[in-house]
Amino acid sequence: MAALARVLDCRAFVMGEALTLADVVAAFTFPIAGMVTRKLYGWEPVSAVRGLEQVLASLQERPSVRQLEAESRAGMADFQARIRKRG
């Protein structure tokens, strides 16, 4: 996170004023990483980068991100159901 804090330029988006692939990766990676680090270490990695929490919150409001998250949840539910069937 220290390395990312040196590279990211969290303004409107994680790399400045334009939406880039970095935002797509951030929108779907940091929530998962946060779940793991909160559970294992009691630490929120997003807090280590100034402005990142606000950028991620803004990204979560985008209809495209909401749609992808809904599809991901549905896919995960299907995956988990198949795993349970295998026993």
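Tutor: A helix here is a DSSP run of H or I with at least four residues, and helices are numbered from the N terminus. The model is a predicted one, and Q80 has its place in helix α4.

Student: What makes T37 count as buried or exposed?

Tutor: T37 has 13% relative accessibility. The limit for buried is under 20%, so T37 counts as buried. This residue sits in helix α2.

Student: Which residues does T37 touch, not counting those up to four places away in sequence?

Tutor: T37 touches G42, W43 and P45.

Student: Let's go to charges. Why is the pair D9 and R11 called a salt bridge?

Tutor: The closest N and O atoms of D9 and R11 are 2.5 Å apart. A salt bridge asks for a side-chain nitrogen of Lys or Arg within 4 Å of a carboxyl oxygen of Asp or Glu, so the pair qualifies. Both partners are partly exposed, D9 at 30% and R11 at 48%.

Student: What makes R38 and E44 qualify as a salt bridge?

Tutor: Their closest N and O atoms lie 2.3 Å apart, and the cut-off is 4 Å, so the name applies. R38 has a relative accessible area of 42% and E44 one of 26%, so each falls in the partly exposed range.

Student: How do you know that D78 and R82 are separated by about one helical turn?

Tutor: D78 and R82 are 4 residues apart in helix α4, which means about one helical turn between them. Their side chains meet in a salt bridge, with 2.8 Å from N to O. D78 counts as partly exposed at 41%, and so does R82 at 48%. Elsewhere, salt bridges that share partners join D9, R11 and E17 into one network. The whole structure holds 5 salt bridges. In general, side chains of opposite charge can pair when their charged atoms come close.

Student: Which residues is L56 in contact with, leaving aside its neighbours within four places in sequence?

Tutor: L56 is in contact with A26, A27, F30 and V46.

Student: How do the residues lining the largest pocket divide into nonpolar, polar and charged?

Tutor: The lining divides into 6 nonpolar, 1 polar and 2 charged residues. Its members are A27, F28, P31, I32, M35, E69, S72, R73 and M76. Glu and Arg count as charged, so E69 and R73 make up that class, while Ser is among the others, so S72 is polar. The pocket holds about 310 Å³ of space.

Student: What makes α2 stand out in that lining?

Tutor: Helix α2 gives the most, with 5 residues. Both α2 and α4 (63–86) supply at least two. From α4 comes E69, which is in contact with F28 and Q60, close sequence neighbours left aside. E69 and F28 are 41 residues apart in sequence, yet 8.2 Å apart in space, C-alpha to C-alpha.

Conventions. Residues numbered from 1 in each chain as written. Predicted model: local features only at pLDDT ≥ 70, side-chain atom pairs only at ≥ 80, totals over all residues. Heavy atoms only, no water. Contact = heavy atoms within 4.5 Å. 1 Å grid on protein atoms, 1.4 Å probe; cavity = no way out; pocket = protein on both sides within 12 Å on 5 of 7 lines; lining within 4 Å. Points joined across faces, edges and corners; volume = space filled by probe spheres on them. Buried < 20%, exposed > 50% of the residue type's maximum accessible area, 1.4 Å probe, protein only.
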